[in-house]
Each structure stands twice: as C-alpha cells, then as structure tokens.
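Open the model in your viewer and keep the selection panel at hand. The stops below go from the whole chain to single residues.

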Amino acid sequence: MKKIRNSVLCGLLAFALAACGSGVENSGGDAAATAGETSAATENKAVNVILVDGAPLLGMTNMMSDEFAGIDGYDISYTMTNDLDALVASLLNQEPDFAIAPVNIAAMMNNNGSGYRLAAVTVWGLMHIVSDQDVSTLQDLKGETIVAFGRGGVPGITLRSVLKQNNIDFIEPNDLSFTPEPDKVSIVYLTAAGDVRDAIATGMEIGGKPAAFGLLAEPVATAISGFANNSGRPGFTAKINLQTEWARNNNGEIYPQAALIFHERLLTENADFVNEFISAVEQSSAYANGNPEKAGDLAVTLGSSAIPNGLIISNAYEAGRLPIDFAYANDAKNAVNSFLQIIMEESPNLIGGKMPPDSFYYDKE
C-alpha cells in the first residue's frame, strides 16, 4: 500500500489528521474488512519516504502512482515538501527511511552522524539564467544585474563558481539601490525562487533599471517562457544553462542536484529490500525519461504544487534543460566529489564541515 502526503498542505499535522493522506484506511465499513486491514498492516513493514516537490519528484512519479505494484511486505508512505528546513529537520530526526534530497544535504546528514548514505544521483543541474534580452554567453552579462536566490546555498554557489571559472568579476550588493559596474556582473539575492520570478516578470527596478535577468531552476524556467512584462521587450526564455557552463570548466563533469539517500539501519534489517527499492527508483526514473509529459501529469495528480502540467515538463525535457538521469552512487562519485569540494571551499557548513568518507557512497550489490 502507498500513502502520499503533501507537507505543504498538511504540515506537521499529516500524521494526526487522516484527511491529509490518500490511501489512509476509512474507519467505517464492516468489521471483517477492518480486521483484515489491521492484520495486513501488522504483517507489512512501514517505510517512510520524503522528497522535494518539483523536478526531484518527476523521477518518482511512476513509483508513487497507482500503477506501481509496490514491494511485497512493505507499506510505503511518501511525503512531498518544498520546505528545505522541514526536510532537514526530518532527516536530523532520522524519520525517513529513504529521501530524495539535494546532494549537499545528503553529505551533511552523513557528516553529522545522522546515518544516511548516498544510493544514487537522480537529478542533475537545473539552474538557468532566464532573460528577455539578446544574450547567449556569460560574457554578455557584464554590466548587467542577475536577480538570484540562495545566496548561502547551492544556487548562489553554483552561479558564483561558474562566473569565477570564466574569469568574470562580480559584485553582490545588499540592497536594490546601487549603480552597476560596467565590467562586472551584479548579483542581487532575493529570498526565494518565486521572488526572482516575480521580480523579472513585473520588471522590478533593481540597480536603476527594470530587472531583466533571473536565476531560475526548472520547471520554473520553462513555465515563464514567453511571458512578456510591460517593458515592450520580447518574452522571457532560458538563455544560459549553468549545467553546460559548469561542465565546460570541469572536464566535462556535470553537477549533481538531487540524490536518493537511505538510512543505514535498513541494511541491518534487510539489505535485499534496500537494493530492491533502489532498483525500483531506477526504473521509475527511466519511465520519466521516456515519458516526461506523462510523468509531469502524474506529478499533478499526486498533488504537486511545483509542477504546472506535463506539457511544460515535456518542453523543458526536449530542450535538454531537465536532466532526470539516474546514476548509481559509485558511478556518480567523481561528479559528486567535485561538486562538494567546491562547496567545501566556499561554504563548508553546507555539507557538514568536511568531505564525506568513501562509506557515504553505497555500492549496490
């Protein structure tokens, strides 16, 4: 049996209010049916999975749908969230058995002794510079202002690293009233990705002129495509792929965004189940790769608040901006280490203050 909760809607009450989860048994009905359900629940082991809503959800949609038969002997409950603080809190409490989480959080949970290990990378770089201007290279951004989010997180680190790798100087003003420098990129950070979207969509005045460049992740980067604000300029499109720029300066290595992790207690309980679950995620990711529009529509059906519809997902995928490519931990190890090393040099607290040990990478047998 599968239960799906959306923590954006249910929050911490999800465990207390039966109405907040699909698949929760109804207390009505005949006594025999209730007894049968109780017996089945006793025989099956509960497995809790938490995942970030949005692109990380797409590779899991087939596995979470009614078409997926599940894994015999286990009741799997899924919780979707777009609140990273809630995700981190849940992992610190060691509540989930499995999670789809940002790669840096995966490393942090291993380094702080929470007991989580990396099984696979499921989603790669999703960050893009979106604009309604005629630009195609990072050099074209000199003298311009990029509205971004995640100053102390992976989005900000990725943007700054790509600029540094291309020998482009930048400034990071702390307010909206500043004078851009002609040979430098100005980066202004807002609180969240939604604020970035709204700022460029409305032409908010930043640095003395309407905002025209935004750092956005998929699927938002595609969702805003074609939108034209009242400036009279053409509509917005994704202009520069940070994944491509990253690879160009890192020996072709692309950067990992989200990963499948699991708590090591499962290995003691049933290592075969761990491997079976990982294989199921691999197959579900393959389904999303072959059917991006269906995966997007499934996400909406499952209650996603971050996926608009399957068509936008298909468009982003076809444009090469939505890499849902499953890679086992050992196969992704070099890319993950390279990415974490850069975070370690700039903001070591984002990965728990040190590089994770080799045991962080699970070798599926």
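**Before you select anything**

This is a predicted model: local features need pLDDT of at least 70, side-chain atom pairs count only at pLDDT 80 or more, and totals for chains, interfaces and linings use all residues. Numbering runs from 1 along each chain as its sequence is written, and side-chain values use heavy atoms, with hydrogens and water left out.

**Whole chain**

Show the cartoon. The chain has 14 helices and 15 strands. Helices (H or I, at least four residues) and strands (E, at least two) are DSSP runs, numbered from the N terminus. Now colour by accessibility. Of the 365 residues, 52% count as buried. Buried means under 20% relative accessible area, exposed over 50%, and partly exposed in between (1.4 Å probe, protein chains only). The chain exposes about 15,600 Å², and carbon and sulfur atoms supply 49% of that area. Areas come from the Shrake-Rupley method with a 1.4 Å probe; for residues, only the protein chains shown count as cover.

Turn to contacts, meaning heavy atoms within 4.5 Å. Among contacts between residues at least 6 apart in sequence, 75% join residues at least 24 apart.

**The largest pocket**

Select Val52, Asn82, Leu84, Phe149 and Ala193. Of the 41 residues that line the largest pocket, these are the closest to its centre. The space here is about 1,200 Å³. On a 1 Å grid over the protein atoms alone, a pocket is an open set of points with protein on both sides within 12 Å along at least five of seven lines; a cavity is a set where a 1.4 Å probe fits but cannot get out; lining residues have an atom within 4 Å of a point. Grid points are joined across faces, edges and corners, and a volume is the space filled by probe spheres set on the points.

Which element gives the most to this lining? Select α6: it supplies four residues. Other elements that give two or more include α5 (84-92), α8 (193-202) and β14 (256-263). By class, the lining has 28 nonpolar, nine polar and four charged residues. Ala, Val, Leu, Ile, Met, Phe, Trp, Tyr, Cys and Pro count as nonpolar, Asp, Glu, Lys and Arg as charged, and the others, Gly among them, as polar.

**The cavity**

Next, select Pro56, Gly59, Met60, Ile100, Thr122, Val123, Val281, Ser285 and Ile324. They line the largest cavity. Two elements give two or more residues to this lining: β5 (116-124) and α11 (265-290). The volume of the largest cavity is about 30 Å³. Its lining has six nonpolar, three polar and no charged residues.

Stay in helix α11 and pick Ser284. Is Ser284 buried or exposed? Ser284 is buried, at 2% relative accessible area. Beyond residues up to four places away in sequence, Ser284 touches Gly59, Met60, Thr61, Asn62 and Met63. A polar atom of the Ser284 side chain lies 3.1 Å from the backbone nitrogen of Met63.

**Helix α13**

Select residues 310-318. Within α13, Gly310, Ile312, Ile313, Ser314 and Ala316 are buried. Their cover includes α3, α9 (220-223) and α12 (292-301). Now show Asn309. Asn309 caps the N-terminal end of α13, with a side-chain oxygen 3.1 Å from the backbone nitrogen of Leu311. After the helix comes Gly320, with a positive phi near 75°.

**Ala335 in α14**

Move to helix α14 (residues 329-346) and pick Ala335. Ala335 is buried, with a relative accessible area of 5%. Leaving out residues up to four places away in sequence, Ala335 touches Trp124, Glu253, Ile254 and Pro256. Draw a C-alpha distance to Asn250: it reads 9.2 Å, across 85 residues of chain.

**Backbone details**

Most residues other than glycine have a negative phi, and most peptide bonds are trans.

- Pro219, in the loop between β12 and α9: the peptide bond from Glu218 is cis, with omega near 10°.
- Asn167, in the loop between α7 and β8 (170-171): phi is positive, near 55°, and Asn167 is exposed at 69% relative accessibility.
- Asn251, in the loop between α10 (242-248) and β14: phi is positive, about 55°, and Asn251 is exposed at 82% relative accessibility.

Key
A polar contact is a pair of N or O atoms within 3.5 Å; within protein, one must be able to donate a hydrogen and the other to accept it, and residues adjacent in sequence count only if both atoms are side-chain atoms.
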